[in-house]
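Please keep the sequence and the coordinates at hand while reading.

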Amino acid sequence: MEIFNHNSNINFLGMRKFSIGLAVLLMLASIVLIATRGLDYGLDFTGGVSAEVAYTQPVAIGDVREALAKAGMEHAVVQSLGGTREVSIRLQPTQAMMDDGGKVNLDKVSDVIGKALHASRADASIKSRSSVSSQVGDELRSDGVIAAIFVIVGIGLYLWIRFERRFAIAALATEVHDVLLTLGILVLMKREFDLTVLASVLAVIGYSINDKVVVFDRIRELFRLARKAEPVDVLNRSINTTLSRTIITSLFTGITMAALYFIGGPVVHGFAVTMLIGIVVGTLSSIFVASPILLWLGVSKKDLMPQTKENPELARRP
Amino acid sequence: MSDFPRWKYALVAIVLVVGIIYALPNVFMPVPAVQVTANRNGVVDQALEQKVIAALKQQNVAYSNIEIAKDHVLASFANGDVQKSASDAIKAALGDDYTVAFNLKSTVPSWLTSIGARSMPLGLDLQGGVHFLMEVDQNDVIDKQETRYADDIRSMLREKNIRYDSVARNSVRGQGVSIILRSAEDRTAAGNAIAQEYPDLATQDGASTGDRYVLNALLRPNKIRELSLNAVRQNLGTLRNRINALGVSEPIIQQQGDSRIIVELAGVQDTAEAKKLIGAVATLEYRGGYGQPQQAIEAARTGNIPPDARLYKGRQGEPYLLSKKVIVTGDELADAASGVDQQSGRPKVDVTLSAAGAKKMLDYTSANVGKPMGVVYVERVFETKLVDGKEVRTPKITEEVISYATVQGVFGKNFQTTGLASTKEASELALLLKGGSLAAPIDIVEERVIGPSLGQDNISKGLNAVLIGLGLVLLAAAIYYKLFGLVADVALFFNLVLLVAVMSAVGVTLTMPGIAGIVLTLGMAIDANVLICERVREELRNGSSPHASIRAGYDKAWATILDANVTHLIAALALTTMGSGPIKGFGVTLLIGILTSMFTSVTVTHAITAAIHHGRKLKTLSV
């Protein structure tokens, strides 16, 4: 069975002005979105308040969540505390929970949560409440920056050694594009950004670099094989010949992430959604964005021939 | 003639068999259990086992198994509810001499554990438990250090005959010690002496008015940092000791950053109990003995205690009279180790004191040879109660004499305590001395409880996601690539087995993000096979013979697979090294998954493909 025409000869490079223009536009839009509206950071990043609530009669987690949502606390994390009569609630402090100085007032926290829960169930009583500090400390944030630099330098270096400078640049440029777009869509969807989503965004980098390298590999191969290689032709042929692989792999990975989304439960929702977005964005940029950048950087047959053959001086030596 | 050498077949077979064996333990689910560990006075023996059985029978709690291990009794139960009531019943029957804690009993057969095969420990999100984020009180570290330096400087100045008006901590924390001297010469002398004796202090001349010459001694910033790091490290050790005493399986006690500690106790639900234990502030005091032993017994009986003495109880409840004046406290203790005395062959504990502590000890012992000295273990536990809706913290202080011995000679920095009943007691004392005191108080800044039902729910959802994701990819691959797809399916399945085997062998804690990582890896592992299959198709289209197509397919795809995976590996490596918590769990899974998938999707599929097509005349390939 084959879904894709193996003789496809779509002129992807022909639409490069349009595709790159669109990519730049979307990137700018993402930056504006992230800058103005900002990521909806979860409790992992912001900290917040938590409360333990006891009920005299068994209570369903969903009802508690609903009661809180009705009072304007949508992103509350509600968990059962062992039994069916006690729940723990974690949420971002709302304006009503703050002092005049903008500090969290624990008594007000009790009031606000208590009121919200009493509206639906009279038997709720707040057992304790406390401030929660963010899980992502400053150290972790700086570690993150170091890791990001490590990834960029590491991948760039590898591609530079194995391929050529231009490939490293093109890969990293599309990488930035993919991450920005993924984050932009997350902001647009008002998805909460927590640690699992962060992990997912980092995994998107891995996935999308993988995707690009396959196309790059074919480009290098075709350049070396072809006697007279016009860059545009080689790039177009590379994208076309790897097209079915690019899409099939995305489909297969997408299938598993969809399974995770629908079956894995709310804990991994954010992860699966982010990954799905990343797969789509990464696949499209592998096809439409990466190669035009290579072309503009001036990739040519000469740069990709194996080094040893280029130096007759060395070859002649015994 | 085969493309595929025989040794590679053997390699594939061996790896697969080993993989299956090491993945196997995960099939055996651990059962809920209650662990009974002896405190200092308790003994673990048959009688204890009988007591536990009696307690369970009395409360009509059904148990599935009870066994005595090296230092504890482990009783297992059918489910979490029974476990809870069993724990209550046992606690009520045994009293304070034993620690009763929740645990999980592994059901992995012994032949598997004997070759080191074990199941993956489950993270908090998968089995429930409590999570604490604690912060070491940095202010207290600075307070203590500044107070100590003030004392040390005072005695040093006295020793060197430098006349001073006062030596006191600056009222502002972190501003060091301010010393007021009577002349500029004295100030210079004091400054030089401090610079020589205490390189960690930076001196600075302050304002001088008339006959008041102020000298400020400040802690150097890197010393403060070092102190707080040490405090965190010592607290980590202390917490580890205390939690081990709790008997929780697979506790996670981690340093996070410069001043924070994460503690995760899987399977524990009672935060109050856990908090009581880990939040306790314990310290040691060396005090001079007072009077004769009979006097202590007399004092305990009559209640008439001499004014400069205090009455203490020992471990067996025996009375001791000790001086009110403390010689050395626990935070002046640098190290403690248990061992055996070469001469007498009896157990001993070697103690090393800090420089300041050593001096005090030297002073005391030179004046008191032949007199007794006692070691008091002081524990302060904060109990939090809700009174009128407000949290009230009341300290509960336990004091106990853990050692009482005669001073044999003059000693300072290093000395040994003998007269201990057994090597076990010696090692326990060393542990207590070393780990008994928290270097600085710990504040619990965050606390979370994850219910076991939620954990169960997460496990079943995660498992379903893995199985259904795997099933769908297997189906899609088989439909799209026919026979080659089926071969890829076999490899994909083995990839899951190998991934689980490596994760178990390495001891990766399985968490929900880890499961997400497994699912993602399954989706991406098929990529190598897609590359190979597409290549084989291309070769066939270009008119190559089937055998040549297979060979070329594998050869050409390999370079691509390598490049793509190495870049991916770099990303996964970064996730693993930077990460803590969910990111790390996910990164490790991805890292292992990439490595195993490279093996299964290239080498394993090649072996199967070679075996299927070997020696057959082929007109076409099913791809």
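Is Lys115(A) buried or exposed? Lys115(A) is exposed, because its relative accessible area is 65%; buried means under 20% relative accessible area, exposed over 50%, and partly exposed in between, with a 1.4 Å probe and protein chains only. This is a predicted model, in which local features need pLDDT of at least 70 and side-chain atom pairs count only at pLDDT 80 or more, whereas totals for chains, interfaces and linings use all residues. Residues are numbered from 1 along each chain as its sequence is written, chains are lettered from A and ligands numbered from 1 in the order in which they are written, and side-chain values use heavy atoms, with hydrogens and water left out.

Lys115(A) belongs to helix α4 of chain A, which covers residues 106–118. Helices (H or I, at least four residues) and strands (E, at least two) are DSSP runs, numbered from the N terminus. Leu68(A) is 47 residues away from Lys115(A) along the chain, and the C-alpha atoms of the two are separated by 9.5 Å.

Helix α6 (residues 165–188) of chain A packs against helix α10 (residues 290–297) of chain A at an angle of about 140°, and their axes are 9 Å apart. Axes here are lines fitted to C-alpha atoms, for helices over the stretch in contact, and angles run from 0 to 180 degrees between N-to-C directions. α6(A) and α10(A) are therefore oblique to each other; angles under 35 degrees count as roughly parallel, over 145 as roughly antiparallel, 65 to 115 as roughly perpendicular, and the rest as oblique. The crossing of α6(A) with α10(A) is right-handed. A crossing is left-handed if the near helix is turned anticlockwise from the far one by less than a right angle, and right-handed if clockwise.

Which residues of α6(A) meet α10(A)? Arg166(A), Phe167(A), Ile169(A), Ala170(A), Ala173(A) and Thr174(A) do so, and their partners in α10(A) are Ala290(A), Ile293(A), Leu294(A) and Leu297(A), where contact means heavy atoms within 4.5 Å. Ala, Val, Leu, Ile, Met, Phe, Trp, Tyr, Cys and Pro count as nonpolar, Asp, Glu, Lys and Arg as charged, and the others, Gly among them, as polar.

The loop between α6 and β6 (192–193) of chain A contains Lys190(A). Lys190(A) has a positive phi of about 55° although it is not a glycine, and it counts as exposed because its relative accessibility is 56%. Further along, helix α7 (residues 195–225) of chain A has 31 residues and reaches 46 Å from its first C-alpha to its last, close to the 45 Å expected at 1.5 Å a residue; the expected span is 1.5 Å times one less than the number of residues. α7(A) is mostly covered, with 28 of its 31 residues buried.

Attention now turns to the other chain. Chain B holds 16 helices and 20 strands, and 50% of its 623 residues count as buried. In chain B, 72% of the contacts between residues at least 6 apart in sequence join residues at least 24 apart.

α2(B) packs against helix α3 (residues 80–94) of chain B at an angle of about 125°, with axes 9 Å apart. That makes α2(B) oblique to α3(B). In this contact, Leu48(B), Lys51(B), Val52(B), Ala55(B) and Leu56(B) in α2(B) meet Ala86(B), Ala89(B), Ile90(B), Ala93(B) and Leu94(B) in α3(B). The residues divide into nine nonpolar, no polar and one charged. In the loop between α2 (46–58) and β2 (65–68) of chain B sits Asn60(B), a residue other than glycine whose phi is positive, near 55°. Asn60(B) is exposed, with a relative accessible area of 71%.

Pro441(B) lies in the loop between α12 (423–435) and β20 (442–450) of chain B and counts as partly exposed at 26% relative accessibility. Not counting residues up to four places away in sequence, Pro441(B) touches Glu135(B), Val136(B), Asp137(B) and Asp140(B). By contrast, the C-alpha atoms of Pro441(B) and Leu540(B), 99 residues apart along the chain, are separated by 72 Å.

Helix α16 (residues 582–613) of chain B is mostly covered, with 27 of its 32 residues buried. Just after α16(B), Gly615(B) takes a positive phi of about 70°.
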